[in-house]
Amino acid sequence: MKILILGAGGFIGSHLVERLLAQGHRVVGVDTEADKVRHLLGKGELTFIQKDIRRVRTDVDSLVQAADTVVDLIAYGTPSAYVRRPLDVFHRSFVENLRVAESCVAQRRRLVLFSSCEVYGKSLAAAFAGRLPDPDNPAYATFSEDASPLVLGPVGKQRWIYACAKQLLERVLHAYGIEDSLNYAIVRPFNLIGPKLDLPAVKGDPAPSAVACFLAALLKGEPMKLVDGGKSRRCYTYIDDAVDAVARIVDNAGGVCDRQIFNIGNPANETTIRGLAELMGAVYREKFAKPGSKAPSTTDVSAAEFYGEGFEDADRRIPDIAKARKLLGWEPKTGLREAVEKTMASCVR
Ligand code: UGA
């Protein structure tokens, strides 16, 4: 199959390119950055175009036309960017992707769109604070693709602009599916980690993700910052597990993924952010710290201080992966500790 991957040079894209090449697919990748795929150039059937998708406006149609399937990973998965540069996030995450979707509609190409677990927003327990019997009950934070409501905060909390952009994009694909027979599949990844994760120093954004921030702090011997006490919870998913699922979606054996949305995450790996910091500190100390270096530590910071005004947190989100299990025959295999160890091993030299 000939696959066009937009955003092929990022953390997820680069792993996906490697997997699809290994499976014998022909891949055309587009990204502004080539560092993460450089080792793949000249191997297998990879054509890499190092350009900003916004600057290849006129080329997108011909790239789409030449492919059997388009995988669109164009996005800013960085909460600090949602707060500080909401318009940039909207343009990158909605406007650019809409153009790709419309090209797929016009040329009748299949589209695999990377959305986000962000679309679920807050848990029901947080949205209706205090009025539910047990806010710690996982039922109020377990999200399924075709049944759960998508609950976002107010407009003044611009953190939700990314979630809203991705949600609208999903709704547009659904509508194109109904009215124009667009064949699509949507992936909602839940907190992927692994080798080649962007660290703060690399990307320039003040806070790319908790795992990246904590890793950077450990490497510098600084305390890991816990936003509002680190009480929010996430399910961390190892990149190889996620790419395994996405490769099955791209292959779409028997058409099982046609017009389906998939949660891709590991419900068994839930942790509070404080628990994550403690685990990362322990793993770092045990496996990677130089003898005599400072013991890992944490410090508390308010959300306003860390992100600025306009932030509101997603308190808890657990993926319901029954659909991926059933339709893809997929099961995430990597536990949280192993995922953290492998992520760290790739970043600590
Ligand atoms: C982000 C993106 O918004 C999603 O689109 C993306 O799907 C998701 O990451 C992901 O990695 O899949 P979020 O889960 O909020 O969403 O990711 P983080 O930025 O890693 O934040 C997780 C939690 O850690 C939040 O409660 C945040 O306040 C906290 N945090 C973050 C800290 O306590 N300290 C830090 O240094 C950074």
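Visitor: Which residues is Arg317 in contact with, leaving aside its neighbours within four places in sequence?
Guide: This is a predicted model. In it, Arg317 is in contact with Cys117, Glu118, Ala141, Phe143, Arg159, Phe190, Asn191, Arg233, Arg234 and Cys235, once neighbours within four places in sequence are set aside.

Visitor: Where is Arg317 found?
Guide: Arg317 is in the loop between α11 (303-307) and β15 (318-319).

Visitor: Buried or exposed?
Guide: Arg317 counts as buried, because its relative accessibility is 5% and the cut-off for buried is under 20%.

Visitor: Which side chains make polar contacts with the side chain of Arg317?
Guide: Glu118 is one of them, with a polar contact of 3.4 Å between the two side chains. The side chain of Asn191 is another, also listed at 3.4 Å.

Visitor: Switching to Thr237. Which strand is it in?
Guide: Thr237 sits in strand β11, residues 237-238. Thr237 is buried, with a relative accessible area of 0%.

Visitor: What does the side chain of Thr237 reach?
Guide: The side chain of Thr237 reaches the backbone oxygen of Phe190 at 2.8 Å. A polar atom of that side chain also lies 3.0 Å from the backbone nitrogen of Asn266.

Visitor: And which residues is Thr237 in contact with, leaving aside neighbours within four places in sequence?
Guide: Phe190, Asn191, Leu192, Ile193, Ala242, Ile264, Gly265 and Asn266 are in contact with Thr237 on that basis. Phe190 and Asn191 are also among the contacts of Arg317.

Visitor: What about Ser115, where is it found?
Guide: Ser115 is in the loop between β5 (110-114) and α5 (124-127). Ser115 is buried, at 4% relative accessible area.

Visitor: Which side chain does the side chain of Ser115 join in a polar contact?
Guide: Glu170, and the contact is 2.5 Å. Not counting residues up to four places away in sequence, Ser115 touches Lys166, Glu170, Ile186, Val187, Arg188 and Pro189.

Visitor: How many residues apart in sequence are Ser115 and Ile261?
Guide: Ser115 and Ile261 are 146 residues apart in sequence, and their C-alpha atoms are 9.3 Å apart in space.

Visitor: On to the backbone. Which value is phi of Lys196 near?
Guide: Phi of Lys196 is near 75 degrees, a positive value in a residue other than glycine. Most residues other than glycine have a negative phi. Lys196 lies in the loop between β8 (192-193) and α7 (200-203) and is partly exposed, at 22% relative accessible area.

Visitor: And phi of Arg259, what is it near?
Guide: Phi of Arg259 is near 55 degrees, again positive. Arg259 lies in the loop between α9 (239-251) and β12 (260-264), and at 37% relative accessibility Arg259 counts as partly exposed.

Visitor: Now the whole protein. How many helices and strands are there?
Guide: The protein has 13 helices and 15 strands. Its radius of gyration is 20 Å, close to the 20 Å that the globule rule gives for 349 residues, so the protein is as compact as a globular protein of that length.

Visitor: What share of the residues is buried?
Guide: Buried residues are 55% of the 349. Of the contacts with a separation of 6 or more, 79% are between residues 24 or more positions apart.

Visitor: How many positive and negative side chains?
Guide: The protein has 47 positive and 43 negative side chains, with the centres of the two sets 2 Å apart.

Technical notes: Residues are numbered from 1 along each chain as its sequence is written. This is a predicted model: local features need pLDDT of at least 70, side-chain atom pairs count only at pLDDT 80 or more; totals for chains, interfaces and linings use all residues. Side-chain values use heavy atoms; hydrogens and water are left out. Helices (H or I, at least four residues) and strands (E, at least two) are DSSP runs, numbered from the N terminus. The radius of gyration is taken over C-alpha atoms; the globule rule is 2.2 Å times the number of residues to the power 0.38. Buried means under 20% relative accessible area, exposed over 50%, partly exposed in between (1.4 Å probe, protein chains only). Contact means heavy atoms within 4.5 Å. Lys and Arg count as positive and Asp and Glu as negative; His and the chain ends are not counted. The place of a charge is taken as NZ of Lys, CZ of Arg, CG of Asp or CD of Glu. A polar contact is a pair of N or O atoms within 3.5 Å; within protein, one must be able to donate a hydrogen and the other to accept it, and residues adjacent in sequence count only if both atoms are side-chain atoms.
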